[in-house]
Amino acid sequence: MGGHLLNDLRELLRSLETAQRDFSALQDRKRTALVEGHSDDLLSIARDETTIGDRLRALLDQRGEILDAARKSGLPGADSLLGIAANLQPKDRDELEPRIQAARKQAEQIRRETWVQWIIAHRAYSHYSSLLDLIALSGKKSPTYEAKPSKETAGGAIFDASI
């Protein structure tokens, strides 16, 4: 494998490890802000998430370029970074394969934490909406949930073919 491709792979992994580390630290801050209800911190974190998300998208593009270059050079197994690493000299392979596996493991942890945080945010939104409904309706049920809708609210102009 060419030295240029090997250097690109090393640089990609170095940048990915940094981005994942930054994103994990940001997720820790976000979890704390969610648990403690610090909405101002959440707005700041959302901006930082956007920045790191852009970095990760750029790294994904860079990964695609490395895979394309490996395919064009006829390298077998060029459908993944591990496939490329399998074609390296033993010294380089022993260096890069564990880093690729670690990046994969870190990505899975980030994915899980993101899912947990989405669930927390979704449930908080649901509770917040329910509280607003209770306040707006003075604790009564919403009129749209009546057991027997009145004749005035039955149907509508959209569904009435005679209009």
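1. A word on terms before we start: helices here are DSSP runs of H or I with at least four residues, and strands are runs of E with at least two, numbered from the N terminus. With that in hand, the chain reads α-α-α-α along the sequence. That comes to four helices and zero strands. Please keep in mind as you read on that this is a predicted model.

2. Here are two overall figures for your notebook. Of the 163 residues in the chain, 25% are buried. Among contacts with a separation of 6 or more, 57% are between residues 24 or more positions apart.

3. Now to the pocket. The largest pocket has a volume of about 620 Å³. Its lining counts 21 residues, and Leu16, Gln20, Leu60, Ala103 and Ala107 are the ones nearest the centre. By class, 13 of the lining residues are nonpolar, three are polar and five are charged.

4. Which helices supply the lining of the largest pocket? At least two residues each come from helix H1 (3-36), helix H2 (39-72), helix H3 (81-85) and helix H4 (90-136). H2 gives the largest share, with seven residues.

5. Leu16 is a handy place to begin a closer look, as one of the residues nearest the centre of the largest pocket. Leu16 sits in helix H1. Its relative accessibility is 19%, so Leu16 counts as buried, the cut-off being under 20%. Leaving out residues up to four places away in sequence, Leu16 touches Leu56, Leu59 and Ala103. Leu60 is 44 residues from Leu16 along the chain, and their C-alpha atoms are 9.2 Å apart.

6. Arg99 belongs to helix H4. Is Arg99 buried or exposed? Arg99 counts as buried because its relative accessible area is 18%, which falls under the 20% cut-off. The side chain of Arg99 makes a polar contact of 3.4 Å with the side chain of Glu95. Beyond its neighbours within four places in sequence, Arg99 is in contact with Arg10, Leu13, Arg14 and Glu17.

7. Ser80 lies in the loop between H2 and H3. With a relative accessible area of 18%, Ser80 is buried. The side chain of Ser80 reaches the backbone nitrogen of Gly83 at 3.0 Å. Not counting residues up to four places away in sequence, Ser80 touches Arg63 and Leu67.

8. Last, the aromatic rings. How many aromatic pairs does a search of the whole structure find? The search finds one. The pair is formed by Trp115 and Trp118 and is stacked, at 5.3 Å centre to centre with 10° between the planes. Both residues lie in helix H4, three residues apart, about one turn of the helix. Trp115 has 51% relative accessibility and so counts as exposed, the cut-off being over 50%. Trp118, at 47%, counts as partly exposed.

Conventions. Residues numbered from 1 in each chain as written. Predicted model: local features only at pLDDT ≥ 70, side-chain atom pairs only at ≥ 80, totals over all residues. Heavy atoms only, no water. 1 Å grid on protein atoms, 1.4 Å probe; cavity = no way out; pocket = protein on both sides within 12 Å on 5 of 7 lines; lining within 4 Å. Points joined across faces, edges and corners; volume = space filled by probe spheres on them. Nonpolar A, V, L, I, M, F, W, Y, C, P; charged D, E, K, R; others polar. Buried < 20%, exposed > 50% of the residue type's maximum accessible area, 1.4 Å probe, protein only. Contact = heavy atoms within 4.5 Å. Polar contact = N/O pair within 3.5 Å; in protein donor to acceptor, adjacent residues only side chain to side chain. Phe/Tyr/Trp six-rings, centres within 6.5 Å; stacked < 30°, edge-to-face > 60°.
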